[in-house]
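Please look over the structure shown here before reading the questions.

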Amino acid sequence: MEKMVRLVYFSSAVRDMALSDLKDILTIARDNNADKDVCGMLCYDNKYFVQVLEGERETVNELFLHISDDPRHSDVVIVSYDYIAEQTFNNWKMGYASSSPLLSALLKKLEQTSFEPADLTPKQTFAVLKYMSEHQDEI
Ligand code: FAD
């Protein structure tokens, strides 16, 4: 059986993303990821993206390199890369959540005043993605 991995990264959007920009990204992502059996979650707030990708190792590696090249964001930083026995985000080809009172409350619990992914530990970043996957925006 192929090895399965979970990759989490954050990046900076090159500009404030409009809803239509995010829709463009998610429409393509959901189509492509469904073909590749990749699932995950994307959070966007404060001009930062945080994304988790789960799937077969080579597929996730290639997809990540491809996403990293996207001119809509920069300063891509890998937060964690782990082998996993099964996918956690398998209900979503690419789930999505953005700024919301729930996210603010969660960040407050993590002693953060705003969404600054560089200030979160890998464990906290995963907790944010997991929690937000259960409280998604429909887009
Ligand atoms: P093409 O449309 O031929 O793209 C060619 C090039 O143009 C690529 O470099 C592409 O990144 C870039 N591009 C496409 N649209 C725009 C635009 N509107 N403005 C500027 N540049 C553009 N794709 C996935 O398949 N799965 C994901 O999970 C995923 N997550 C993403 C997360 C983020 C934060 C971002 C910014 C993008 C994500 N994408 C994802 C999109 C991905 O980067 C590619 O745009 C997409 O896979 C299509 O690539 P392509 O080469 O087939 O398409």
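Predicted model: local features only at pLDDT ≥ 70, side-chain atom pairs only at ≥ 80, totals over all residues.

Residues are numbered from 1 along each chain as its sequence is written, and side-chain values use heavy atoms, without hydrogens or water.

Q: How are α3 and α4 oriented, roughly parallel or roughly antiparallel?
A: Helix α3 (residues 101–109) and helix α4 (residues 122–133) pack with their axes 11 Å apart, at an angle of about 150°. Angles over 145 degrees count as roughly antiparallel, so α3 relative to α4 is roughly antiparallel.

Q: Which residues of α4 meet α3?
A: Contact means heavy atoms within 4.5 Å. L102, L103 and L106 on the α3 side meet V128, Y131 and M132.

Q: How far is the polar side-chain atom of Q51 from an oxygen atom of the ligand?
A: A polar contact is a pair of N or O atoms within 3.5 Å. N32 places a polar side-chain atom 2.9 Å from a ligand oxygen atom. For Q51, the distance to an oxygen atom of the ligand is 3.1 Å.

Terms used:
Axes fitted to C-alpha atoms, helices over the stretch in contact; angles between N-to-C directions. Helix = DSSP H or I, 4+ residues; strand = E, 2+ residues; numbered from the N terminus. Parallel < 35°, antiparallel > 145°, perpendicular 65-115°, else oblique. Polar contact = N/O pair within 3.5 Å; in protein donor to acceptor, adjacent residues only side chain to side chain.
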